[in-house]
Amino acid sequence: MVTLKELAEAAGISSSYTDKTGTERYTSDDVRGFFLRAMGIAGETEQQREASLAALKKEPLLPDVMPFYASESVVLTPKCNSTCEIEISDEKGNTVWSHAVAGGQTAEVAGLPCGYYDVCARTRGGEEERACSLLIIAPDMCWQPEFLKQGQHLGGISAMLYALRSEDSLGIGDFGCLKELVRITAQNGGDAVGISPLGIMSPQMLPSPVTAALKGDVSPYRTISRLFINYVYLNLQEEPDFKASSAVKAFIAEPSVAAEIKRLNAAPEVEYSAVLGLKRRLLEMMFDTFRAEGSAERKEAFAAYKRAKGEELENLCLFETLLERHPEETFWRYWQDGTGDISSPQTASVRNNSRPRMDFYAYCHWLADLQLKSTQELALSLGMKIGLYTDMPIGAASNGAEVWENPSAYVLDAGIGAPADPMRPRGQSWGFTPYHPFALQKQHYRPFIRLVQENMQYSGALRIDHAMGLRRLFWGFFAPGNPVVQGAYVYYDIKAMTAILSLESNRRRCLVIGEDLGTVPEGFREYMAEHGLLSYKVFFRQKEKDGTFITPEKYLYMSLAQSSTHDQATAAGFWTNEDIEVFRRCGLYVNDGQYRQNLDGRRKDRLNMIKAFAAKGLLAPGLQKEMEATAERGEKVPEGIEKPVIAYGAETNSALYLLRLCDICAQQKLDNAPGTIDEYPNWRLKLEKTVSEIGKMPEFVAAMAETRKRRAAADEASCPPEAQRAAG
């Protein structure tokens with residue numbers, strides 16, 4: 001008899017996991033049944049379970065995807081009894097290997113360089129069987145820059161792009177602000193600038209009829225596309241079409257418009273609807289000027305961009321156009337006119353009749369592409385060893401273009417999140433739709449390959465958000481009447497996905513950082529290290545078993561260190577329980593006992609921070625006295641608390657250390673409260689000063705100088721790189 005557990009395990013659904021407290025959690029049959037149905041695997045009856053299990057276990061002629069590392073022998077083993085003819089073609093379509101393999105035999109393929117290959121197999125004799133597979137041959141390790149090989153310790157800055165200010169920005173941080181941040185970072189010895197994800201924001205974020213929920217959900221991690229660059233970040237004033245447009249000049253000269261721009265710039269939080277509405281109106285005028293007056297050279301460059309980006313860009317622009325037609329309904333699955341299906345006649349009709357509007361959106365994305373490219377070029381020209389450090393969200397937004405254009409690659413009724421833990425006892429649902437593991441293989445990982453390629457194109461380093469998704473993801477859903485997320489871990493092919501990362505990172509000379517915070521599967525970090533992905537270390541979470549903070553020299557060299565992340569408290573906010581209090585106000589605790597438990601844990605953290613900083617000689621007498629006086633309840637931020645936090649991080653053995661710009665600016669409020677949308681103003685808070693003003697702040701100059709000094713000291717104290725990789 002085939003049990004539901006046996007079938008679920010064959011489908012990659014885990015039967016249990018160990019949570020952060022060390023407790024074993026088991027998957028219920030209700031959860032198994034929900035996810036099997038969501039994956040399209042029948043399991044209601046014994047007969048269905050037997051048939052489904054047989055189908056899952058059936059060995060194909062060749063696997064859909066065959067990943068190998070360069071150090072491995074490439075061996076093909078067709079599952080057939082008769083002779084099998086195999087032909088391998090490279091990425092240009094050229095046949096590079098062909099062979100006839102007798103039934104039950106193997107064939108070794110030698111001499112192929114790293115790359116992607118199409119493998120076609122066909123049996124001879126008896127009933128003919130065919131298979132088309134993807135062969136991946138990847139370097140053993142992701143791109144290893146020279147500074148890693150030499151065991152150097154670099155420093156830099158991390159910031160939320162939307163939070164930056166300049167004198168002439170239009171209510172949101174833009175690529176002009178980013179270029180200025182790159183300049184002041186490079187001038188002060190920094191080698192990297194880390195920024196929030198750059199995915200496309202919905203054009204429905206406009207003042208016209210839109211639901212309150214959509215106005216609230218402005219997460220840069222949950223966008224309608226992760227493949228292209230958000231035009232809301234454009235520095236419009238630097239564009240030739242802005243300068244040449246008489247309509248633009250007249251528009252911004254209107255007193256009401258000038259007043260609105262001034263108001264948006266002065267606002268303490270980003271007003272996304274107003275900002276996007278303003279920028280889109282200006283871009284429409286600019287596009288009219290481009291079409292009427294643009295040079296032949298620029299028009300050909302635009303056409304070349306559209307050709308290069310191909311079907312994915314066209315589909316995105318069509319999706320953005322369709323969103324304008326559905327102002328009240330934010331989710332394409334509920335559109336009533338047939339356009340929720342990309343292959344429908346209704347969608348084809350809109351595509352054929354909306355070319356000018358689709359071209360407008362393509363123009364916006366083209367300009368954003370050019371500005372991001374020029375920002376990375378600036379960083380490298382200033383001598384930065386990395387330049388831009390960008391961020392790739394792990395999941396596709398369920399209501400976005402990626403899922404709409406290729407729904408079969410996803411499990412539409414499941415979400416990605418995290419199980420309940422002491423800090424977030426209701427668990428987390430992130431609004432992402434997971435890849436269908438089997439469909440992804442059938443599609444030869446094309447969606448993931450394109451995603452990685454696009455996110456690495458102008459990056460010196462790429463952060464893989466929730467990198468454990470390369471191995472497993474927590475799929476979740478909410479059962480009626482239960483506020484705690486229900487779910488289980490579902491497994492993916494870590495070798496195939498890591499091989500893709502390695503191949504693409506070496507082609508684009510892009511360092512890869514795997515964000516490995518949370519519930520980490522056994523052996524995952526070791527696999528990351530083996531294949532050259534840096535781990536991600538956060539000071540506030542780097543603790544020994546007794547709760548004391550890990551000393552800087554114990555940090556793994558192959559890692560990136562920060563004080564905290566966008567989902568956690570700043571240095572000042574950590575001291576004053578800002579995150580804990582926000583979670584309480586937002587109703588994220590199941591009961592008051594959990595809230596009190598977290599307060600007590602934070603009190604112990606403050607005492608351990610004093611011990612850690614004092615042991616390293618990082619506390620001036622006045623600061624230590626103030627910290628000791630407020631450690632019990634954290635009722636006040638000790639002035640200068642960010643200084644020992646920054647110095648401690650700069651002293652770590654991590655290959656790369658990034659200062660949070662919000663720490664230098666003594667920000668206390670949270671950037672984001674995970675698990676909330678309307679309960680908290682996520683992803684809106686701006687820095688109080690412009691980037692130029694920050695560059696002149698004594699606190700900024702001193703923090704960068706302190707970082708340079710301690711990074712240099714870490715270089716001198718370090719052991720050889722090979723030993724560092726093995727340490728920790």
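Predicted model: local features only at pLDDT ≥ 70, side-chain atom pairs only at ≥ 80, totals over all residues.

A: **A sheet and the helix lying across it**

Strand 12 (residues 387–392) and strand 16 (residues 461–464) pair in the parallel sense over four bridges. Strands here are DSSP runs of E with at least two residues, helices are runs of H or I with at least four, and both are numbered from the N terminus; two strands pair if DSSP finds at least two bridges between them.

Residues are numbered from 1 along each chain as its sequence is written, and side-chain values use heavy atoms, leaving out hydrogens and water.

Now zoom out a bit. Eight strands make an open sheet with parallel pairing, in the order 19-16-12-11-10-22-21-20. At the edges sit strand 19 (511–514) and strand 20 (535–538), each pairing on one side only. From one strand to the next, the twist averages 25°.

Helix 5 lies across strand 10 (154–159), strand 11 (192–195) and strand 12, running at about 145° to strand 11. (Angles run from 0 to 180 degrees between N-to-C directions, and axes are lines fitted to C-alpha atoms, for helices over the stretch in contact.)

Helix 5 (residues 175–187) also meets helix 13 (residues 355–381): their axes come within 10 Å and cross at roughly 5°. The two helices are therefore roughly parallel (under 35 degrees). Among the residues making the contact (heavy atoms within 4.5 Å) are Phe175 of helix 5 and Leu372 of helix 13.

Conventions. Parallel < 35°, antiparallel > 145°, perpendicular 65-115°, else oblique.
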